[in-house]
Amino acid sequence: MHTAVLVEGHSDEVALRTLADAYGRDLADAGVAILPLGGITNIRDVAARLHVAGERLAGLYDAPEVRFVRRGLAAAGVTPGEDADLETYGFFCCRRDLEEELLRALGADRVEQVIAAAGETRSLDRLAQMPAQVGWTREELLARFMTSRSGRKDRYARLLVEAMPRGGEPAPLRALLAHLGVTPEP
């Protein structure tokens, strides 16, 4: 059976593909297609169309968006109701968002090393000097940095997952891939 993984945006797709690659697995070979929704509010329509077509569904979502996920999956007939345990149905939650999960998994020091290796320390320093960022934690600044320019979320989703030691990946990414039967090669 083919599986469609519903994610909010392209950076989620990049992170999942990069991790599967690190595990030595090809998602397409496993019958998995990742579908960025272009915003979580689109989940109901996409899930309904795919569910009716007989697709197996799974996904990744951010905790602040859980009400849209619950409502959308229930309305699409994927779950029996809005109070269903989403993990049972293959939907896994990032605490705040993917970037925070990646930051927490690697730690601020390692993330800054990745940024330096990518040649963007100067951009990070400039962002840190802006008045709007005064008083922010390092983690808040790093999260903002990854979203401050078009394409950065995708780039750092790949770079940060590549920098992670296997076994140290964010739990929602590992759990989703395990649900799909995509685990590290022995």
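**Contacts, burial and cores in a predicted chain**

Reader: What makes Val14 and Thr18 partners of Arg158?

Author: Arg158 touches Val14 and Thr18, not counting residues up to four places away in sequence. A contact here means heavy atoms within 4.5 Å. The model is predicted, so local features need pLDDT of at least 70 and side-chain atom pairs count only at pLDDT 80 or more, while totals for chains, interfaces and linings use all residues. Residues are numbered from 1 along each chain as its sequence is written, and side-chain values use heavy atoms, with hydrogens and water left out.

Reader: Where is Arg158 placed, and why is it called partly exposed?

Author: Arg158 has its place in helix H8; helices (H or I, at least four residues) and strands (E, at least two) are DSSP runs, numbered from the N terminus. Its relative accessible area is 34%. Buried means under 20%, exposed over 50%, and partly exposed in between (1.4 Å probe, protein chains only). The value for Arg158 falls in between, and therefore the residue is partly exposed. The C-alpha atoms of Arg158 and Ala15 are 5.6 Å apart in space, although 143 residues separate the two in sequence.

Reader: Why is Thr3 called buried?

Author: Thr3 has 2% relative accessibility, which is under the limit for burial, so Thr3 counts as buried. This residue lies in strand E1 (residues 3-7). Leaving aside its neighbours within four places in sequence, Thr3 is in contact with Gly31, Val32, Ala33, Glu55, Arg56, Ala58 and Leu180. Its C-alpha atom is separated by 4.6 Å from that of Arg56, 53 residues away along the chain.

Reader: Why do Ala48 and Glu140 count as partly exposed?

Author: Ala48 has a relative accessibility of 26%, and Glu140 has a relative accessible area of 40%. Both values fall between the two limits, so both residues are partly exposed. Ala48 is found in helix H2 (residues 43-52), whereas Glu140 is in helix H7. Between C-alpha atoms, Ala48 is 32 Å from Pro184, 136 residues apart in sequence.

Reader: Which residues of H7 are buried, and what covers them?

Author: In helix H7 (residues 138-147), Leu141, Leu142, Ala143, Phe145 and Met146 are buried. Their cover includes helix H4 (98-106), helix H5 (108-117), helix H6 (121-129) and H8.

Reader: What makes a group of residues a nonpolar core, and which members touch the most others in the largest one?

Author: A nonpolar core is a set of buried Ala, Val, Leu, Ile, Met, Phe, Trp, Tyr and Cys residues joined through side-chain atoms within 4.5 Å. The largest such core has 41 residues, and Val5 and Leu16 touch the most other members. Helix H8 (residues 152-163) gives the most to this core, with six residues. Apart from neighbours within four places in sequence, Val5 is in contact with residues including Leu16, Val32, Ile34, Leu35, Leu176 and Leu180. A second, separate core has 16 residues, among them Ala4, Val46, Leu57 and Tyr61. In soluble globular proteins, nonpolar side chains tend to be buried together.

Reader: What share of the residues is buried, and what share of the contacts with a separation of 6 or more comes from residues 24 or more positions apart?

Author: Of the 186 residues, 44% count as buried. Residues 24 or more positions apart account for 77% of those contacts.
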